[in-house]
Structure formats: structure tokens, C-alpha cells
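The sequence and the structure are shown first.

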Amino acid sequence: MRTPRLPGHRRPAGPPGKRARHGGDVGPGSLERPVDRLERRLKVLLAVVVLVAVPLVASGVGNTVYNHFTLVRQTALARLHPVTATLLTEARSSAVRPGAQSGFHALVRWNDRNGVHTGVAPVRAWLHRGADTTVWLDAHGAVATPPPDRDFAATAGVAMGCATVFGGVATACGVRWALGRSMDRRRLTQWARAWERVEPDWVTRYAR
């Protein structure tokens, strides 16, 4: 004989041994506070910035630097011309010549259609007297600063791109750390306010 079912009584749904949830289904984010949702969204935004925006900015910076030094080299090559010169002195660091440009310099001698000339020119480091080197002259035949090397533009572009990535990631990490500290302080403040409301009833009910 089947046991009569009481009016209004519903058999729990689901497999035996599992209790039905009271008050409706509780989603995984139903206990998430507004401050928690805000923190999660800001962290997602920072991740997007690091993974998308930072590489794009770094690529733009690297290309800009590369194009700049490429233009500098092309401009220098258009107004300068190289000659082969012989060192009359050892290559010396500019540190021993106050007011000189950075790098190494030496007294050199070169020949052209106007005769023999001497002058102080920038040279490679640690060249010895009697060694041959390339000296760059301007339209008036005066010694000029050599144009940037062929690979300098690429090296500078890569370096600036890497520096931009490092700076962007470091900034994002700093913002994330500051965000976590700020959110933690906010949560502690909310918890303290909630405890102020709950404490009197809690103490009255259980402090016996």
C-alpha cells in the first residue's frame, strides 16, 4: 500500500543522499561582494593591458626609434664622405681631453686631391700609432662625427622595445599590488562596520 503524500510536500530532487539547497540555487559568484567584483574586473583589465596594449606600444616605440636612427644615418651619409687615414698617435679616451666628445680620439693624417691633412678624429678604441682607420669629412673637408653603424638602428629599436615592455609590466605589477592593498583596506573597513552592527546582538545571545 502506497504511503499517502502530504499536501504541499515535494520530494527532494536529485540523487538520494544529497540535500536540496534552501532558498534557491546559489551560484558560484553569489557570495561575491561588490568590492570583490570590482577587483576582479580591474585585474582582468590589467591582464589585457599587459598582454595586448604593452606589446603594441613596445612595437610602436621600437619602430619609431629604428626609423629615427635610420634617417639619421641616411642624412649623415648624404652629407659626409669617408677617407682612409693613418694614426699619428695612440688612440686615447676622451676622458683625458677635457671638453672632447665621448669615445676615443687620435691625431690622424690623410691625403686627398688638395694635399696632406692632419687632425684629431674619432677612432675605434685602443688603435695603435700607424694603424689605418676611416675618417668622415664634411663638405668643407673638416673632420665630422661618423654616422651611426648599420646595426645601431636595429639595436636601439630592440633595446627601447624591451625597455618599454619591462616598464609596462613593472607598472602593471605595481598597480595590481596597490589595487590589492586598497581593496583589502576597503574590505577590512566594511568588515569592521558589519561587526559593529552584529556585535551587540552576538554578545547578548552567546556571552553567558
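## Strand pairing

In this predicted model, strands E3 and E4 (residues 115–123) are antiparallel and are joined by nine bridges. The two strands make up a hairpin, with two residues between them. One of the bridges pairs Asn111 with Val116 in E4.

E3 (residues 104–112) also runs antiparallel to strand E1 (residues 81–87), and three bridges join these two strands. Here Thr86 has Arg109 of E3 opposite to it. A further antiparallel pairing links E3 to strand E2 (residues 92–93) over two bridges; within it, Ser93 has Phe104 of E3 as its bridge partner.

## Nonpolar core

The largest nonpolar core comprises 13 residues. Leu87, Ala91, Val108, Trp110, Val123 and Val135 have the most contacts inside it. At least two residues of this core come from each of E1, E3, E4 and strand E5 (132–137). The greatest contribution is that of E3, which gives four residues.

Which residues does Trp110 touch, not counting those up to four places away in sequence? Its contacts are Val83, Thr84, Ala85, Gly115, Val116, His117, Thr118, Gly119, Leu137, Gly141 and Val143. Val116, listed among these contacts, is also the residue that bridges to Asn111.

Two aromatic pairs are counted in the model. One of them is formed by Phe69 and Phe152, with an edge-to-face arrangement: the centres are 4.9 Å apart, and the planes make an angle of 85 degrees. The pair connects distant parts of the chain, since Phe69 belongs to helix H1 (residues 34–79) and Phe152 to helix H2, 83 residues apart.

## Surroundings of Thr164

Thr164 lies in helix H2 (residues 152–206). Its side chain reaches the backbone oxygen of Met160 at a distance of 2.8 Å. When neighbours within four places in sequence are left aside, the contacts of Thr164 are Val54, Val57, Ala58 and Val61.

## The chain as a whole

The chain contains two helices and five strands. In sequence order, these elements follow the pattern α-β-β-β-β-β-α.

Of the 208 residues in the chain, 21% count as buried. Among contacts with a separation of 6 or more, 58% are between residues 24 or more positions apart.

Notes: Residues numbered from 1 in each chain as written. Predicted model: local features only at pLDDT ≥ 70, side-chain atom pairs only at ≥ 80, totals over all residues. Heavy atoms only, no water. Pairing = 2+ DSSP bridges. Polar contact = N/O pair within 3.5 Å; in protein donor to acceptor, adjacent residues only side chain to side chain. Contact = heavy atoms within 4.5 Å. Phe/Tyr/Trp six-rings, centres within 6.5 Å; stacked < 30°, edge-to-face > 60°. Core = buried A, V, L, I, M, F, W, Y, C linked by side-chain atoms within 4.5 Å. Buried < 20%, exposed > 50% of the residue type's maximum accessible area, 1.4 Å probe, protein only.
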